[in-house]
Amino acid sequence: MAERAEIEYQVTVTGLGEASAAANSAAAQAKQASASLESAKSSGSQAIPILFSSVRALTNARQAAEQANKAIRDLDPMMALYAFVNMVQTVQALTSLMKALKASTAAASAAQAILTTLAGAWWLIPLAIAAGALIYSRIQSMQAGGIVKETGLYLLHKKEEVVPNHRVYSTTHYSSYARTVQSFGPIYVSFEKQPEEDERDAWMRGLEERLAQKIRRGG
Amino acid sequence: MRVTRRIRLEDLGLELELIPQKIGEAAALTLHEPWMLAAAQSFCPVDTGALLGSIRWELRGPHEAALIAGGMGYINPRTGRPVDYARYVHDGTSRMPARPFLLQAVLQERLRYAREMLRKTLEAT
């Protein structure tokens with residue numbers, strides 16, 4: 001009779017097992033990441049291979065971070081849980097990259113800085129490690145100097161000089177070593193009246209010589 | 001909500017290992033909040049107040065609770081009979097529309113509990 005007289009709604013917290021499993025997995029990955037960074041600090045190698053998987057992993061990391069940020073902004077626990085699981089998967093995917101990470105001590109310190117500036121979400125912390133690893137895996141060395149062969153991040157040192165591309169003219173075909181010539185320009189010349197083609201070419205050839213003389217004299 | 005926590009990389013693994021325990025504790029603490037009870041009482045239709053007075057929130061375990069209305073232990077002051085009509089008021093009959101005050105309360109407040117669990121977990125980490 002009592003059962004029929006009452007109406008009851010049972011409220012049960014579910015999903016704790018999944019969250020615990022995800023946290024434990026993240027903990028294992030964090031320990032692995034910590035060991036990788038320690039190893040990187042001690043090795044101090046400059047050469048860092050860029051893995052083919054890094055682009056996909058970077059995309060996944062970005063998506064997981066965006067998802068987590070939205071979850072925090074909207075205070076949506078289910079979305080946060082999904083973002084967390086995605087983040088753990090991303091970190092797992094990046095494990096091989098973490099192992100390959102051989103950053104300098106400075107790079108490892110910067111990765112630590114990324115960690116300490118992260119605010120609010122503990123589940124973003126392993127992601128930050130992964131992001132740091134990705135960033136530093138992309139920094140290339142210019143230890144031996146020379147021409148920059150591809151656009152990207154490079155590790156430069158104090159007092160090293162970088163010349164902008166539009167002011168560099170390399171003459172490797174004239175000598176066995178790379179030589180850099182400063183160039184100035186562009187120089188715009190305007191005529192008061194439309195010159196004849198021969199007249200214009202002759203004038204330009206004369207200008208070249210006059211400019212070369214001026215530059216040689218430091219003028 | 002913004003919680004800042006600085007963790008040394010070396011300690012991160014240990015910190016994350018503590019998360020399951022902290023989530024469990026946060027969930028148990030949050031279930032002590034009587035938000036569903038208050039919502040159900042606000043949704044409950046009132047005549048004598050007997051049905052309203054019979055609504056209760058009972059903890060059944062660390063992560064389980066129940067929202068209950070009606071029962072033989074509650075007496076309607078007008079009829080002198082037990083409040084055994086909660087189900088009919090809630091689910092409706094052929095002569096009376098449903099007024100699902102418990103269901104409304106559960107639906108309205110469940111996300112609030114989930115958010116609070118998340119907040120407590122973040123605070124504890």
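**Conventions.** In this predicted model, local features need pLDDT of at least 70, side-chain atom pairs count only at pLDDT 80 or more, and totals for chains, interfaces and linings use all residues. Residues are numbered from 1 along each chain as its sequence is written, chains are lettered from A and ligands numbered from 1 in the order in which they are written, and side-chain values use heavy atoms, with hydrogens and water left out.

**View 1. The elements of chains A and B.** Chain A has eight helices and five strands. Its elements run α-β-α-α-α-α-α-α-β-β-β-β-α from the N terminus. Chain B has six helices and four strands, in the pattern α-α-α-α-β-β-β-β-α-α along the sequence. Helices (H or I, at least four residues) and strands (E, at least two) are DSSP runs, numbered from the N terminus. Of the 219 residues in chain A, 32% are buried; in chain B, 45% of the 125 residues are buried. Buried means under 20% relative accessible area, exposed over 50%, and partly exposed in between (1.4 Å probe, protein chains only). Contact means heavy atoms within 4.5 Å. In chain A, residues 24 or more positions apart account for 61% of the contacts with a separation of 6 or more. In chain B, 56% of the contacts between residues at least 6 apart in sequence join residues at least 24 apart.

View 2. Two strands pair if DSSP finds at least two bridges between them. Six bridges link β1(A) and β2(B) in the antiparallel sense. A:Glu8 stands opposite B:Ile68 of β2(B), and A:Gln10 stands opposite B:Ala66. Five bridges join β1(B) to β2(B), again antiparallel. In that pairing, B:Leu59 has B:Ala65 of β2(B) as its bridge partner. A hairpin with two residues connects β1(B) to β2(B). Five of the six residues of β2(B) are buried, so this strand is largely enclosed by the rest of the structure.

**View 3. The hairpin of β3(B) and β4(B).** β3 (residues 71–75) and β4 (residues 82–83) of chain B run antiparallel and are joined by two bridges. B:Ile75 has B:Pro82 of β4(B) as its bridge partner. Six residues lie between the strands of this hairpin, and B:Gly80 takes a positive phi near 75 degrees.

**View 4. Helix α2(B) crossing helix α6(B).** Two packed helices are described by the angle between their axes and the distance between the axes. The axes of α2 (residues 19–30) and α6 (residues 101–124) of chain B come within 8 Å and cross at roughly 135 degrees. That makes α2(B) oblique to α6(B). Axes are lines fitted to C-alpha atoms, for helices over the stretch in contact, and angles run from 0 to 180 degrees between N-to-C directions. Angles under 35 degrees count as roughly parallel, over 145 as roughly antiparallel, 65 to 115 as roughly perpendicular and the rest as oblique. The crossing of α2(B) and α6(B) is right-handed. A crossing is left-handed if the near helix is turned anticlockwise from the far one by less than a right angle, and right-handed if clockwise. On α2(B), the contact residues include B:Lys22, B:Ile23 and B:Ala26; on α6(B), they include B:Tyr113, B:Glu116 and B:Met117. The residues of this contact divide into seven nonpolar, two polar and three charged. Ala, Val, Leu, Ile, Met, Phe, Trp, Tyr, Cys and Pro count as nonpolar, Asp, Glu, Lys and Arg as charged, and the others, Gly among them, as polar.

**View 5. Helix α3(B) and its surroundings.** In α3 (residues 35–43) of chain B, B:Trp35, B:Met36, B:Leu37, B:Ala39 and B:Ala40 are buried. These buried residues pack against β1 (7–12) of chain A and against α2, β1 (56–61), β2 (64–69) and α6 of chain B. The axes of α3(B) and α6(B) come within 8 Å and cross at roughly 150 degrees. The two helices are therefore roughly antiparallel to each other. Their crossing is right-handed. Among the contact residues are B:Trp35 and B:Phe43 of α3(B), with B:Phe101 and B:Arg112 of α6(B). The contact of α3(B) with α6(B) divides into ten nonpolar, two polar and four charged residues.
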